[in-house]
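Reader: I would like to go through this chain with you, helix by helix. Could you put the model up?

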Amino acid sequence: MSMFPNAQNFRVDNMQLHSSQHVHNTRDNRIDGWKMLLDNVASNALHNSRARFDAPKCDEDTRVEVTKELVDWIQDREAPQRLLCMTGAAGAGKSALQQTIAGKCSTSNTLGSAFFFSAGDPTRNNLTSIVPTIAYQLGLRNHALRDAVAEVIEEDPLIFERQLRVQMDTLVVAPFKRVCANGELDRSTFPHAILIDGLDECSGEENQAELLSTIKHCLLDDLDLPFRIFIASRPEWAIRSALCSEPEGYLYQLAYHIKLSDKYDATADIRCYLWRKLQDIGRRSHDRRAQSLWPTKEDVEKLVAAASGQFVYAATVIKYVSQRRGSPVDRLRAIINWTPEGGQQTRPLELLDNLYRNILSTAKELYEGVDTNRGRDFLSLVRAYQMNFDCRILKARITLRYFNEIIGLEEGAHQVLFSDLQSLVVFSQDPSIGEWEDMRFYHLSFSEFLDKSCLQKLIQQEDFLHDWSFAYIIRILYHYLNKQNTDSNNLQLINFTRNNGWGRIDERLSSHVDIDRFSDWDGLAHFTFNAIQRLNDDLHKHELAVVVKSYFDKWKERYQKYGFMVEEEEEESISSLFS
């Protein structure tokens, strides 16, 4: 006699029971949704990722006021504005604050998810992985939510190829609301803080704008969701236009906006940070001059003035002074001597550039002073590694060992090259072989400084590492002048055009570059087209757009057979501009 006389084709857990009494395990032929999610997560973007082992965070007793304001806002679940946008200049300490808040939220069990963008890391400088990474972290907080996320992926394995808004609705919103409706999740106690750092380091203004729009429509417009979202970014176009008051941006009414550089003066915190760190370095130093009465009050005040509220300046000073080669006293004295008098009247990033310039100059002298390094241009080599780090040579970053071979250096040459740049560059090590396997810059501003220096080299017609590197110079120009629509970059594009930068490219193409070896004609064509469009449409510099178009027409006629061409609609667009 059957236990269930009238039952047929019913499911028990993963077992499918048919009236024929045959039993099948449906998991055998099913995909694993959670495993697919893991394959699309950017692990480097997590707040406690191994890749971010030395992530900046606020020093003890610094940024107390702003940290309290951020924590209070996150903890107030009833406050009407569920989006907080913190904007500030490069080096103002945004990432350190985000890292600190992530740690506090993790400790208090309010951290739902965190995503740290990084321009130099191809796994987290775009939108490909941000929604899966958020969904993964939220799923870890609740087993039912994890199962719900896995199930929707199993139903649509191509969800990761959908538009961002569809991904957010499918992987985050729908599963969350479903488990809440089933009584499997209490939204009033669920970890609700979603942190996103470095929006400006997400490649492409249109991608930044798409993420902000997705957050609004998917997470903010739905009042049933408990999430409070904290975004930190430089005040670039995407976030600036969304938050502006006139004309009113689409996030103006919805967001609590903290202008970090305006609202909170970091001078006192920087002073405290410098005193504490320098005295600690002095106590550990073997130089007796650093044991007492060091540093002097005058020295610290000069550094504070030079920092002009930018924590990245103070952090770079500490990293430089703490390097093992040489005395900290001598290193600090060198920095003081590099700092011009009246530094507080100078734009802060100019002083940061000056600090970078002098650190590089000192390292260059030490590197090129060794007999075996004669004939090698130090700065060109550093830029070559920078291009590899920023993935401007290939779509993916090449390992350091292989890159040494590409540019004709011996194995381990990068260790010597960067031995005196440890205050600017950090290397990760492969524990299995005990070798440096990857490098990154402590701060995006150093990479941008190298880009600006490269532009000056091109304008001054100074030679580069090899002819093959000219293709990579074009990619730097494309990235720096066209991809980042900021006031600084707009000025760079205008100055580059006025100072015969395009003429320098033409001269190099005509007399220096092996045409058959130059592989980026397509990149040069699109770079030139975008510059024409931006000068004419965005900057209203029609006379400069005419200058660039003259080179575009010249190169199109001369190099079209090599691949210098743009799409037909782009050709029509240029024609319409000058009709």
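Reader: Which residue follows H22, and what is its phi?

Author: H22 is followed by His 540, whose phi is positive, near 55°. Please note that this is a predicted model, in which local features need pLDDT of at least 70, side-chain atom pairs count only at pLDDT 80 or more, and totals for chains, interfaces and linings use all residues. Residues are numbered from 1 along each chain as its sequence is written, and side-chain values use heavy atoms, with hydrogens and water left out.

Reader: How many residues of H22 are buried?

Author: Of the 18 residues of H22, 13 are buried, so the helix is mostly covered. Buried means under 20% relative accessible area, with a 1.4 Å probe and protein chains only. Helices here are DSSP runs of H or I with at least four residues, strands are runs of E with at least two, and both are numbered from the N terminus.

Reader: What about H23: which of its residues are buried?

Author: In H23 they are Leu 544, Ala 545, Val 548, Lys 549, Tyr 551, Phe 552, Trp 555 and Tyr 559. These residues cover an arc of only 165° around the axis, which puts them on the same side of H23. The arc is taken from the directions from the helix axis to the C-beta atoms.

Reader: Why can residues three or four places apart point the same way?

Author: An α-helix has 3.6 residues a turn, so they do.

Reader: What span should H23 have?

Author: At 1.5 Å a residue, the 18 residues of H23 (residues 542-559) should span 26 Å, and the end C-alpha atoms are 25 Å apart, which agrees. The expected span is 1.5 Å times one less than the number of residues.

Reader: Changing topic, at what angle do H10 and H12 cross?

Author: The axes of H10 (residues 267-284) and H12 (residues 311-321) cross at roughly 5° and come within 10 Å. That makes H10 roughly parallel to H12, a term for angles under 35 degrees. Axes are lines fitted to C-alpha atoms, for helices over the stretch in contact, and angles run from 0 to 180 degrees between N-to-C directions.

Reader: Which residues of H10 and H12 meet?

Author: Among them are Tyr 273, Leu 274 and Ile 281 in H10, and Phe 311 and Ile 318 in H12. Contact means heavy atoms within 4.5 Å.

Reader: And the whole chain: how many helices and strands are there?

Author: The chain has 24 helices and 10 strands. Of its 579 residues, 52% count as buried.

Conventions: Buried < 20%, exposed > 50% of the residue type's maximum accessible area, 1.4 Å probe, protein only. Parallel < 35°, antiparallel > 145°, perpendicular 65-115°, else oblique.
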